[in-house]
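User: I am new to this structure. Please walk me through it by question and answer.

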Amino acid sequence: MSYLIAENISLSRGEKTLLDSVDLTITQGDKIAMVARNGSGKSTFLRILTGQESSEGIHMLQYNPNIKICFLEQEPSFDPEETIWTAVLTPGIETHDALLNSDEKSDASKTEDIWRVEAKLKEILFKLNLTKLDKKTGVLSGGEKKRLGLAKLFAQEPDLVILDEPTNHLDLDMIEWLETQLKSPSVTLLIVTHDRYFLDNICNRIVELDRGRFINYTGNYTDFLEKRATRIETERSEKTKIQKLLNKELEWIRRSPQARTTKSKSRVDNYYKTKEKITGPKELGEITIDIDMHRLGSKILECHNISKTLGGKLLFELFDYKFKKGEKVGIVGANGAGKTTLVNVMTGQLKADAGKVIIGDTVVFGYYTQMGLKLEQDLRVIDVIRSVAEYLPLKNGKKMSAEALLERFLFPRAQQSVYASQLSGGERRRLYLLQILMANPNFLILDEPTNDLDIITLNILEDYLEHFPGCAIIISHDRYFMDKIVDHLFILEGDGKVKDYNGKYTDYRRENRIKTKENTKEAPSVAKQDFKLDKEKKNKIRKLERQIEDLEYQKMSLEERMLDPQLSLEEITDLSKSFSQMKDDLAALEDQWMELVD
């Protein structure tokens, strides 16, 4: 069943073509990701699909009238005076209508509707860690606003979900919760995200936006990488043939024929047409930059039993660590755990409540903050970088100019004359990153560097960091990025505890999940506790526990079957119905169990 059909969508910004007569069809069960460089038009395309922006020329947008479509932008906005609870009760949402449009129902029926709706909404909000329902949206953090946006979206029970960078500002627990929701066979999805594990775990189709055109790939992110590599190799072979033809044409043109006959003119025209065919952004190759970094002495950064409390909350206590040359450390923890505060204390921007921080004399920090690029006046892209330095010193006495560094990070010469205010959000973040790197630091601190950066830029940044000879501290919820770059992790576990974990981010999460399951298994069941229940109640509880355990196992088996990419639409529909019924049965058994225990 088709949910949405878009045909002949075009859009330009000045001389730049963002969308060149692109088509996209979304059918039930699709989980589609769009990938492209920042500024290519991904978010613009989503806004066109959702009616927030217009396409150019003759085009078609056809929606299935029997489905509900919900869109979550990168930065959800709310009335700052409304509360979390009133914000989630949006007119038009089925749950909101159930609360208001019940004039023909009896008082008992109205009460039941209200209880059902409130329970459902609160369950969604609490799962997204939004428990203070009377809190004004005007004081919410970026992460809280993103979670509230997700709560509003899932409250509407949409058939087609359209998401623009949904993992930005979310901690890992929330990202994993969102993954679980979107994996459901009942969800049809169109998403723009830079989270590559997210793409690998969820998507069954990837659309690459390249020079205004769509290129479709079936499969997840791993499949996309393999198929894209094959496509590029094929194109490279074709370009080699075209280049040979060009060289032949160029040799002929240089002879400067005296008589410009129709035939010779056509050959000149043919030369330029052929040249256009091989013009376009260069593919990524080796981008290693052999920097002549500021010398880093033996004493780098030392934390001696530092502690910090903010707003009555103990963030870290007696944290002790000495950094070594070339070390790359990740800092992870839930939102509000104190990751950024720890870094600010390390760099001397905040004073520790106790303990001491020693910064080596040779240390030059480069601090990329979540706040992003701030300019006192609007400058051209090249001037933003030149305001830091004209060139970057390389080894062997060589230099890399500001223009060359910009080109390495996907700012072609033509774009370097554009003013920073004209850049997309992702391009501004990329420019800010280059502003930090141009200062040639020997100790990089990157606080959520992956937010708003496209996958291609992330590959370039990762390559840069892998060859960076200095130290680096990285705060990020991007599992893929952290696994690829950091040597070990500082984990803020709460109550002032900071764990130094020697391993990858996903290893830590896996171990954590196993421990949680073991703790759950070790917890004594209600039936085995010394409750003074009569024999009949004990038997009922034991029987319910066996039923719940069996049903949980069946549910897990069904979930695995539903992930099979070979399933037909009819099979997916049948399994989805069975899964829904199983969840209802499980909830009913758990309610019975709770009643007996109480």
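Analyst: A polar contact is a pair of N or O atoms within 3.5 Å; within protein, one must be able to donate a hydrogen and the other to accept it, and residues adjacent in sequence count only if both atoms are side-chain atoms. This is a predicted model, in which local features need pLDDT of at least 70, side-chain atom pairs count only at pLDDT 80 or more, and totals for chains, interfaces and linings use all residues. Residues are numbered from 1 along each chain as its sequence is written, and side-chain values use heavy atoms, with hydrogens and water left out.

User: Is Gln416 buried or exposed?
Analyst: Buried means under 20% relative accessible area, exposed over 50%, and partly exposed in between (1.4 Å probe, protein chains only). Contact means heavy atoms within 4.5 Å. Leaving aside neighbours within four places in sequence, Gln416 is in contact with residues including Arg380, Ile382, Leu406 and Phe411. Its relative accessibility is 3%, so Gln416 counts as buried.

User: What is the relative accessible area of Arg413?
Analyst: Arg413 lies in the loop between helix H12 (402–408) and helix H13 (425–438). Not counting residues up to four places away in sequence, Arg413 touches Glu403, Ala404 and Glu407. Arg413 is partly exposed, because its relative accessible area is 46%.

User: Which side chain forms a polar contact with that of Arg413?
Analyst: Arg413 and Glu403 are 10 residues apart in sequence and 7.1 Å apart in space, C-alpha to C-alpha. The polar contact of the Arg413 side chain spans 3.2 Å. Its partner is the side chain of Glu407.

User: How many strands are in the chain?
Analyst: Helices (H or I, at least four residues) and strands (E, at least two) are DSSP runs, numbered from the N terminus. By that reading, the chain has 18 helices. Its strand count is 20.

User: What is the order of the open sheet of three strands?
Analyst: Two strands pair if DSSP finds at least two bridges between them. In this sheet the pairing is antiparallel, and the order is S11-S10-S13. S11 and S13 are the edge strands, each pairing on one side only. The twist from one strand to the next averages 25 degrees.

User: Which helix packs on the sheet, touching S10, S11 and S13?
Analyst: Axes are lines fitted to C-alpha atoms, for helices over the stretch in contact, and angles run from 0 to 180 degrees between N-to-C directions. The helix direction makes about 130 degrees with that of S10. The helix spans residues 339–346 and is H10.

User: How many bridges join S10 to strand S11?
Analyst: The two strands run antiparallel. Lys308 has Phe316 as its bridge partner in S11, and Ile306 has Phe319. In their hairpin, with two residues between the strands, Gly311 takes a positive phi near 55 degrees. The bridges joining S10 to S11 number six.

User: Which residue in S13 stands opposite Ser307?
Analyst: Strand S10 (residues 301–310) and strand S13 (residues 354–359) run antiparallel, joined by five bridges. Opposite Ser307 stands Ala354.

User: Which strands stand at the edges of the open sheet of six strands?
Analyst: The order is S5-S6-S7-S3-S8-S9, with mixed pairing. Each edge strand has a single partner strand, so one side of each is left without a neighbour in the sheet; the two are S5 (69–72) and S9 (213–218).

User: Which residue in S7 stands opposite Val161?
Analyst: Strand S6 (residues 160–164) and strand S7 (residues 188–192) run parallel, with five bridges between them. The residue opposite Val161 is Leu189.

User: Which residues have the most contacts inside the largest nonpolar core?
Analyst: A nonpolar core is a set of buried Ala, Val, Leu, Ile, Met, Phe, Trp, Tyr and Cys residues joined through side-chain atoms within 4.5 Å. The largest has 122 residues. The residues asked for are Phe323 and Leu431.
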